[in-house]
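Please read these points with the model open beside you. They go from single contacts to the whole chain.

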Amino acid sequence: MHNYSIAFQSTKPFVDWSQNVKMDVENILVTGASRGLGLELALELSRCGVRTYAILRSANCKGYGILLSEGVEVVIADLSDRKALNGAIESILEKEKTLDAVISNGAIIDSAEIENLSEDEILNIISVNFI
């Protein structure tokens with residue numbers, strides 16, 4: 001078995017946002033936007049003029065202030081709490097009537113081996129990761 005390592009480095013962004021990228025959506029919801037890819041997606045979509053909503057588990061995260069400062073509408077809800085999630089979506093739909101798109105980026109992982117997880121832990125991981 002071979003162990004290959006591929007290094008990727010780019011000096012250019014994948015998309016040149018300065019070239020008037022046309023978005024066919026007026027509004028969008030991004031889950032898992034507290035950091036990483038979800039945070040960057042929410043920021044870029046907002047910068048492109050898309051009304052962007054971001055669901056965060058807590059206001060105590062890296063992305064909260066950044067998102068607010070960039071005009072992203074932040075909604076606090078834990079994706080593993082269906083009641084809170086439904087309330088968050090309802091609050092967005094009161095403003096928008098419909099959502100044009102959803103980026104389901106929120107996920108949880110557990111570093112334990114699957115055979116050491118309880119059934120409830122496994123169901124919670126599946127529930128959050130496959131909304």
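1. Contact here means heavy atoms within 4.5 Å. Leaving aside its neighbours within four places in sequence, T31 touches I55, L79, I103, S104, N105 and G106 in this sense.

2. This is a predicted model, in which local features need pLDDT of at least 70 and side-chain atom pairs count only at pLDDT 80 or more, while totals for chains, interfaces and linings use all residues. Residues are numbered from 1 along each chain as its sequence is written, and side-chain values use heavy atoms, with hydrogens and water left out.

3. Is T31 buried or exposed? T31 counts as buried because its relative accessibility is 5% (buried is under 20% relative accessible area, exposed over 50%, partly exposed in between, with a 1.4 Å probe and protein chains only). A polar atom of the T31 side chain lies 2.8 Å from the backbone nitrogen of N105.

4. T31 belongs to strand β1, residues 27-31. Strands (E, at least two residues) and helices (H or I, at least four) are DSSP runs, numbered from the N terminus. The chain has 4 of each, in the order β-α-β-α-β-α-β-α.

5. A nonpolar core is a set of buried Ala, Val, Leu, Ile, Met, Phe, Trp, Tyr and Cys residues joined through side-chain atoms within 4.5 Å. The largest has 12 residues, among them I28, V30, A54 and L67. Two or more residues come from each of β1, α1 (36-47) and β2 (51-56); α1 gives the most, with 4. A second, separate core of 9 residues includes L29, I55, A77 and L79.

6. Of the 131 residues in the chain, 24% are buried.

Key. A polar contact is a pair of N or O atoms within 3.5 Å; within protein, one must be able to donate a hydrogen and the other to accept it, and residues adjacent in sequence count only if both atoms are side-chain atoms.
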